[in-house]
Amino acid sequence: SEIMGDWGELAQVLRVYWSLLLGNVVEWYEFTIYGYQAIYLEKNFFQGSDVGVWLGFSITFLARPLGGVFLGSIGDKFGRSVAVNISIIGMLIGTVGQGCLPTANCGIPWLLDFGLGLFVFSPV
């Protein structure tokens, strides 16, 4: 008897779970890049606060299950397609918002606080 199954079963599992695997790999890649960029982020976005950098990092681990609850309830009420579209739009807004954030050295500190607030408290 075979312990692992045949190649056809493996191909079926990969076909079904490929998108989940890819999404998880990209997410952990983003966490890794954030960790490597912590010194740059501390100097340019958090005005030298090491604690602020790591609190920003930890918020992502809190946001994931909360987003799952939120999008899970949307998916239950309106269908998976609506939940996936909301998730994609939220990721798009978050990604563009990160690119548009000014540094703390731009002379308008409230703009940075406003941008970070929008990013952190976005529903997705």
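The model is predicted, so local features are taken only where pLDDT is at least 70 and side-chain atom pairs only at pLDDT 80 or more, while totals for chains, interfaces and linings use all residues. Residues are numbered from 1 along each chain as its sequence is written, and side-chain values use heavy atoms, with hydrogens and water left out.

**The whole chain**

Helices (H or I, at least four residues) and strands (E, at least two) are DSSP runs, numbered from the N terminus. Of the 124 residues in the chain, 18% are buried; buried means under 20% relative accessible area, exposed over 50%, and partly exposed in between, with a 1.4 Å probe and protein chains only.

**A patch on the surface**

Next select Trp18, Leu21, Leu22, Val25 and Val26, which form a nonpolar surface patch with about 470 Å² of accessible area together. Patches are made of residues with over 30% relative accessible area and no salt bridge, where like charges are joined within 9 Å and nonpolar side chains (Val, Leu, Ile, Met, Phe, Trp, Tyr) within 5 Å. One of these residues, Leu21, is found in helix H1, residues 7–36, and counts as partly exposed because its relative accessibility is 44%.

**A salt bridge**

Now show the side chains of Arg64 and Glu27, which meet in a salt bridge at 3.3 Å, N to O; the term stands for a side-chain nitrogen of Lys or Arg within 4 Å of a carboxyl oxygen of Asp or Glu. The pair links distant parts of the chain, with Arg64 in helix H3 and Glu27 in helix H1, 37 residues apart. The structure holds 1 salt bridge.

Move on to Glu42 in helix H2, which is partly exposed at 22% relative accessibility. Leaving aside neighbours within four places in sequence, Glu42 is in contact (heavy atoms within 4.5 Å) with Gln47, Gly48, Ser49, Asp50 and Val53. Glu42 and Val53 are 11 residues apart in sequence and 5.8 Å apart in space, C-alpha to C-alpha. Then select Gln47, which lies in the loop between helix H2 (38–44) and H3. Gln47 has a positive phi of about 50 degrees, although it is not a glycine, and it is exposed, with a relative accessible area of 61%.

Conventions: Accessible areas come from the Shrake-Rupley method with a 1.4 Å probe; for residues, only the protein chains shown count as cover.
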